[in-house]
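Please look over the model below before reading on. The notes that follow are numbered, one topic to a point.

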Amino acid sequence: MSKTKFILGCFDDPDNMMQGITNLQKNSVPIYDVYTPMPIHGIEAKMGVKDSRLGYAAFCFGCLGATVIFSIVYYTLVHDWPQNIGGKPSFAIPDFVPFTFEWTILFTAFGMTITFFAATHLFPGRAPRVMDLRATDDRFIIAVDAKGNIPHDDITNLLKEAGAVEVKHNERKYVSYE
Amino acid sequence: MAHHHESIIREPLMTGKDMTYARITNEILLPVENKPNKAWWIGFIVSALGAMLWVVSISLTFWYGLGEWGLNKTVGWAWDITGFVWWVGIGHAGTLISAVLLIFGQNWRNSINRSAEAMTIFAVICAATYIVAHMGRPWLAYFTLPLPNQYGSLWVNWNSALMMDVFAISTYFSVSLLFWYTGLLPDIASIRDRAKGLRRRIYSILSFGWTGSLKTWQRFETVSLILAGISTPLVLSVHTIVSFDFATSLEPGWHTTIFPPYFVAGAIFSGFAMVQTLLLVTRKVLGLENYITMFHIESMNKIIMLTGSIVGVAYITEFFIAWYSQVEYEQYAFINRATGPYWWAYWSMMSCNVISPQLFWSSKLRRSIPFSWALSIVVNIGMWFERFVIIVTSLHRDYIPSSWAMFYPTWVDVGVFIGSIGLFFTLFLLFIRVLPSVAIAEVKLLLKTASEQAKMKLIKEGHLEPAEVQYYKESLTKYDSVDMADYEKV
């Protein structure tokens, strides 16, 4: 029984990495994840990753922000302490516009970004789960779960054929940090 | 997937031979991973002395009150609001580069957005300190928030443009900070994975555990695009609202409907000038010539020329409308600006902002680094005078001639202003030491598409129109980071 936990195909070129994904997919080898130093365009479609739904979250937070500040301004300016300023109406909608606009933006930005951090498990101090330290530098990594995916040599060959500069058989899932 | 090859007639956004992903990381992280050089120390010490002056001047203002400034009963706003509007305006270029250019798919933003966004944040910090300082009693700054209180509750005045300003500036600062920091995460992870010991632990905390996995990048790009989409109207709203501070008043010279677009154009104008001031030096000192190329410098100069012209049209329109309105007070305010005791401020503004950017019609001047740098300083001086002219010359002669006055700054006024510049540069210099001044991940995207190297490969492969290749080669001659000898044989 091999002790290998993860097989990493390390590429120095994103196009070769995409070829590596094709090779694995043709041979029905499931891919655990892909780690890259920059976003790779077109990879989501290839890997069958669904569109992000963060846009919906952003919209909802925007609506929330607009409602919250509109309610605050309405309560204070119209309901709780209406003032007679030259006989003009207290409920002067143009004055509501800048505040409503600013808080729509504020809530959209923070709501969406915090949702992104929560969904992706990003927060200050989180121990980075890094499989290869060069994945944030100059290596494009395809990670394959070794368990159940055998024989390992065939996977190695598929990755090598695509142009992997190195194929690692790691016994630990994450190389970073205790 | 094949990378989309960019048309050969487009100028490269990254130059240099034998560029690799590793080399990009190494070169950009050089100042972060090594001890600073002499130029940095000299700059830092000078800036820190300026920041010290700021601390002293602001402390005196807080301790003794606004009497430390040269304000009088007629001129109740002077260098404080001038400085505030100046700094907020400077901040606008960062958001413009990071958000507006992203929406329009202008990839040349990739190499300058990081430092421009940092500049935005530091400029807005300087602007916000003016707001707090000019309140006189900064410990009562919370009065601007709609908090329940024992006076009724007597709420804040939502009808006031100053209140709108509080919301606009605070939203702008926090959203810019969020946008900047989210964009930094992948690059902080790059530093983390190369560092050892304590450095690794610090950058590990700061990196939020970034791994660069597929789903992370996908969400990251969605977030960046939406943040850009909402920051674009935000940045326009901020200076629009800043202009409301004046435009919603009944003061001749301020009561002008043209102010919002005119202020926004002026903000972008001064902001790009400040980006130019900072980046032309940063580029040289940090050796970033391959990333911040002549194309970037020239593009920014074109924006300076365009927005400078818009500002010029606005100045002339103001004059025309004052005459056309037939309101004698309005007319006097403008005649007084140009020919009254502050004529020198008005004509400094006119020559720095309207005449000098027109020199950029010359491609030779647009591509000259010393000239661009000098002109960026001239523009920033001009934009400071613009705000001074709008504020002080409109106020100093009001409806009652017996109350007419001049404004004379005290040394504390000068100290707060010079000091805020020191503070700004101190923050910027610290930034380039601890965080990557160019967005590493975004620049890596250019390597296989828009780099000189990728285009050289295309030329060597053949299959291109010879006329287009010739056009491309000619466009390279303006770059100071391209060796034209390489193109003689191909």
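1. Start with how helix axes are drawn. Axes are lines fitted to C-alpha atoms, for helices over the stretch in contact, and angles run from 0 to 180 degrees between N-to-C directions. Helices are DSSP runs of H or I with at least four residues, strands are runs of E with at least two, and both are numbered from the N terminus. The axes of α4(B) and α8(B) come within 10 Å and cross at roughly 125 degrees.

2. A word on the source. This is a predicted model, in which local features need pLDDT of at least 70, side-chain atom pairs count only at pLDDT 80 or more, and totals for chains, interfaces and linings use all residues. Residues are numbered from 1 along each chain as its sequence is written, while chains are lettered from A and ligands numbered from 1 in the order in which they are written.

3. Angles under 35 degrees count as roughly parallel, over 145 as roughly antiparallel, 65 to 115 as roughly perpendicular and the rest as oblique. α4(B) and α8(B) are therefore oblique to each other. Their crossing is right-handed. (A crossing is left-handed if the near helix is turned anticlockwise from the far one by less than a right angle, and right-handed if clockwise.) On the α4(B) side, the contact uses Ser115(B), Ala116(B) and Met119(B). On the α8(B) side, it uses Met274(B), Val275(B), Leu278(B), Leu279(B) and Thr282(B). Contact here means that C-beta atoms, placed from the backbone, lie within 7 Å. These residues divide into six nonpolar, two polar and no charged. For the classes, Ala, Val, Leu, Ile, Met, Phe, Trp, Tyr, Cys and Pro count as nonpolar, Asp, Glu, Lys and Arg as charged, and the others, Gly among them, as polar.

4. Helix α8 (residues 259–285) of chain B also meets helix α13 (residues 369–395) of chain B. Their axes come within 8 Å and cross at roughly 140 degrees. That angle makes α8(B) oblique to α13(B). The crossing of α8(B) and α13(B) is left-handed. Among the contact residues are Gly266(B), Phe269(B) and Ala273(B) of α8(B), and Trp373(B), Ile377(B) and Glu386(B) of α13(B). By class, the contact of α8(B) with α13(B) has nine nonpolar, seven polar and one charged.

5. Now the chain interface. How many residues does each chain give to the contact? Chain B gives 55 residues and chain A gives 56 residues. In chain B, α1 (21–33), α5 (161–194), α6 (197–206), α7 (214–247) and α15 (440–444) each supply at least two residues. α7(B) gives the most to this side, with 16 residues. The chain B side has 28 nonpolar, 20 polar and seven charged residues.

6. One helix pair spans the two chains. Helix α4 (residues 93–119) of chain A and α7(B) pack at an angle of about 160 degrees, with their axes 10 Å apart. α4(A) and α7(B) are therefore roughly antiparallel to each other. They cross in a left-handed way. From α4(A) come residues including Phe101(A), Ile105(A) and Met112(A), which meet residues of α7(B) including Val223(B), Ile230(B) and Leu234(B). The contact of α4(A) with α7(B) divides into 13 nonpolar, three polar and one charged.

7. Chain A also has a sheet. It is an open sheet of four strands in the order β2-β3-β1-β4, with antiparallel pairing. (Two strands pair if DSSP finds at least two bridges between them.) β2 (33–35) and β4 (166–170) of chain A stand at the edges with a single partner strand each, so one side of each is left without a neighbour in the sheet. The twist averages 20 degrees from one strand to the next. Five bridges join strand β1 (residues 6–11) of chain A to β4(A). Leu8(A) stands opposite Lys168(A) in β4(A). Helix α1 (residues 14–26) of chain A packs on the sheet and touches β1 and β3 (140–145) of chain A.

8. Finally, two backbone details. Which residues does the cis peptide bond join? Gly152(B) and Ser153(B), with omega about -5 degrees. Ser153(B) lies in the loop between α4 (113–134) and α5 of chain B. Ser28(A) has a positive phi of about 55 degrees although it is not a glycine. Ser28(A) sits in the loop between α1 and β2 of chain A.

Definitions and conventions
Two residues are in contact if their C-beta atoms, placed from the backbone, lie within 7 Å.
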